[in-house]
Structures are given as structure tokens and as C-alpha cells.
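The sequence and the model are shown first.

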Amino acid sequence: KDHFGLEKVKERIIEFLAVQKRMEKIKGPILCLVGPPGVGKTSMIAKLALTKAAEIGEENIAIVSLRDNRIGAWNQIQLLSGQAGVESYKANNEESLKLILQELSNKKLVLIDTSGAESLFLNSLKVQNIDLKKHLIISADCSEAAIARYFENHETWNSLLISKYSETASVWPVINALMNKSTPLSIANENMDLQTPLKNLKIRDLVIKNLKNMQLSLV
């Protein structure tokens with residue numbers, strides 16, 4: 001018996017949200033991955049590169065680091081790119097990014113890694129008519145306020161990716177954000193290990209797991 005009315009809540013939430021797998025949303029030619037510092041963008045990008053390399057060939061993929069001057073950031077990009085078997089490039093500003101993208105025009109997929117303070121960069125890239133898809137990466141334990149900041153500054157994201165994900169994590173802020181915006185759910189990264197595959201997510205499964213966890217906590 002549903003003592004808490006959670007079944008009705010589940011169905012009402014699912015009615016709001018598209019039920020579909022979203023790994024197919026992660027496709028080129030140019031993807032810009034955005035998210036807070038420390039969220040795990042570089043790890044996610046390396047896994048995306050490794051996953052896509054199996055589909056289209058590692059020679060058709062490149063990773064570009066955009067304006068990320070954090071100590072060790074470029075070394076990490078180079079290391080993970082090497083492990084994924086793809087080329088890596090560094091763009092210190094938007095003009096150098098344009099030149100690099102022109103050089104990489106033969107690639108089927110270019111993944112742009114950002115520093116975390118990239119809202120203004122994205123706006124200017126749009127003005128410069130660089131055709132790219134923008135994907136937001138947030139951690140499973142991200143607060144509603146943190147998610148809202150990224151949705152307030154942009155009309156649309158091509159998809160939402162979740163880092164530091166586990167099936168026992170409470171991701172109601174993520175679910176709430178998806179309900180309030182038309183952004184589709186995409187994929188999740190469970191840990192930093194490059195060999196651990198990314199996880200396709202269905203919003204129905206996400207809702208069901210979180211309601212089940214809530215129900216268990218109420219018993």
C-alpha cells in the first residue's frame with residue numbers, strides 16, 4: 001500500500017518530463033561542456049571521447065581546453081586525452097579557439113573543456129557565430145541555487161549531464177530543474193575511472209529511484 005502517496009507523485013512528475021535515452025544527444029560537430037569548477041568536466045569529457053572513439057574512431061575526435069589557467073589543468077587534459085587516444089589543444093582566448101576549430105574542421109567531434117567561469121565566454125562565442133552545442137554538467141549533490149544560476153544565464157542547454165552520480169544519491173534539485181526547463185536529461189558519470197562507462201539515464205528511472213529512496217527513509 002502506498003502510505004505516502006508517492007506513486008501519484010511519481011506519475012505526476014513523470015508526466016512533466018520526457019522519457020528517453022539521451023546518449024544520442026551527445027553528438028558533434030562541436031560540443032562545449034559547461035559546469036561549476038571541480039564538478040568533473042574533464043573526466044566526463046575524456047570518457048565521452050573514449051566512448052565516441054569506439055563509434056567514429058579516435059582520429060576523428062579532439063579535445064580543446066578553453067581559457068583554463070588552473071595549475072595542472074592542461075597537464076590533466078593532455079594525460080586524459082592521451083589515455084582516450086585523442087588529440088588535445090589549448091585555446092587561451094576566443095580568437096585562438098576560432099583558429100583551432102578551423103584547423104579541426106575535418107574532425108567529426110570536438111569537445112571543448114571550460115574552466116567553470118564561462119558564461120561570458122559562451123555568450124561571446126555565440127556572437128562570433130561559432131556553431132556549437134552547449135551541455136551543462138552538474139554534480140548529483142548540486143543545490144537548486146547552483147543549478148538555477150546556470151539556467152538563469154542561458155535560455156537553453158542541449159542536455160544536462162550528471163557527475164558524481166550514484167543510484168542512492170538524492171537528486172531532487174536536478175529533477176526540479178528538469179521540470180522547470182525543457183532541457184533533456186543526458187548521461188551520468190559515476191566515478192573518475194576512465195574505464196568505468198558513462199551511464200545513459202532515463203528520467204523515469206531517476207524519479208523512481210529517488211522516490212524509492214525517499215520511501216525507504218520514511219519507513
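## Strands β5 and β6

Ser139 has Ser163 in β6 as its bridge partner. The two strands concerned, β5 (residues 133–139) and β6 (residues 159–163), run parallel and are joined by five bridges. Strands are DSSP runs of E with at least two residues, helices are runs of H or I with at least four, and both are numbered from the N terminus. Two strands count as paired if DSSP finds at least two bridges between them.

The model is predicted, so local features need pLDDT of at least 70 and side-chain atom pairs count only at pLDDT 80 or more, while totals for chains, interfaces and linings use all residues. Residues are numbered from 1 along each chain as its sequence is written, and side-chain values use heavy atoms, with hydrogens and water left out.

## Overall layout

The chain has eight helices and eight strands. Of its 219 residues, 50% count as buried. Here buried means under 20% relative accessible area, exposed means over 50%, and partly exposed lies in between (1.4 Å probe, protein chains only). Among contacts between residues at least 6 apart in sequence, 79% join residues at least 24 apart; a contact means heavy atoms within 4.5 Å.

## The sheet and its helices

Eight strands form an open sheet with mixed pairing, in the order β3-β2-β4-β1-β5-β6-β7-β8. The edges are held by β3 (87–91) and β8 (199–200); each has a single partner strand, so one side of each has no neighbour in the sheet.

Helix α2 (residues 41–56) lies across β1 (30–34), β2 (61–66), β4 (109–114), β5, β6 and β7 (185–188), and runs at about 175° to β4. Helix α3 (residues 73–84) lies across β2, β3 and β4, at about 160° to β3. These angles run from 0 to 180 degrees between N-to-C directions, with axes as lines fitted to C-alpha atoms, for helices over the stretch in contact.

## Strand β1

Strand β1 pairs with β4 in the parallel sense over four bridges, and four bridges also join β1 to β5, again in parallel. On the β4 side, Cys32 has Ile112 as its bridge partner. On the β5 side, Leu33 stands opposite His135.

Five of the five residues of β1 are buried. Both faces are covered, with Ile30, Cys32 and Val34 on one side and Leu31 and Leu33 on the other.

## Nonpolar cores

In soluble globular proteins, nonpolar side chains tend to be buried together. A nonpolar core is here a set of buried Ala, Val, Leu, Ile, Met, Phe, Trp, Tyr and Cys residues joined through side-chain atoms within 4.5 Å. The largest core has 40 residues, of which Val64, Leu97, Ile112, Ile138, Ile162, Val174 and Leu206 touch the most other members. A second, separate core has 19 residues, including Ile61, Ile63, Leu109 and Leu161.

Beyond its neighbours within four places in sequence, Ile112 is in contact with residues including Ile30, Cys32, Ile45, Val64, Leu97 and Leu132. Ile138 lies in β5 and is buried, at 0% relative accessibility. Not counting residues up to four places away in sequence, Ile138 touches Val39, Ile147, Leu160, Leu161, Ile162, Ser163 and Val174. Val39 is 99 residues from Ile138 along the chain, yet their C-alpha atoms are separated by 6.3 Å.

## Helix α4

Which residues of helix α4 (residues 94–103) are buried? They are Glu94, Ser96, Leu97, Ile100 and Leu101. Seen down the axis of α4, these buried residues fall within an arc of 155°, so they line one face of the helix. The arc is that of the directions from the helix axis to the C-beta atoms. On the face turned away from the buried side, the exposed residues are Leu99, Gln102 and Glu103.

## Cysteines and loops

The structure holds zero disulfides, a disulfide being a pair of cysteine sulfur atoms within 2.5 Å. Cys32 is buried at 0% relative accessible area, and Cys142 is buried at 9%.

Most residues other than glycine have a negative phi. Arg67, in the loop between β2 and α3, has a positive phi near 50°. Arg67 is partly exposed, with a relative accessible area of 32%. Lys164, in the loop between β6 and α7 (172–180), also has a positive phi, near 55°.
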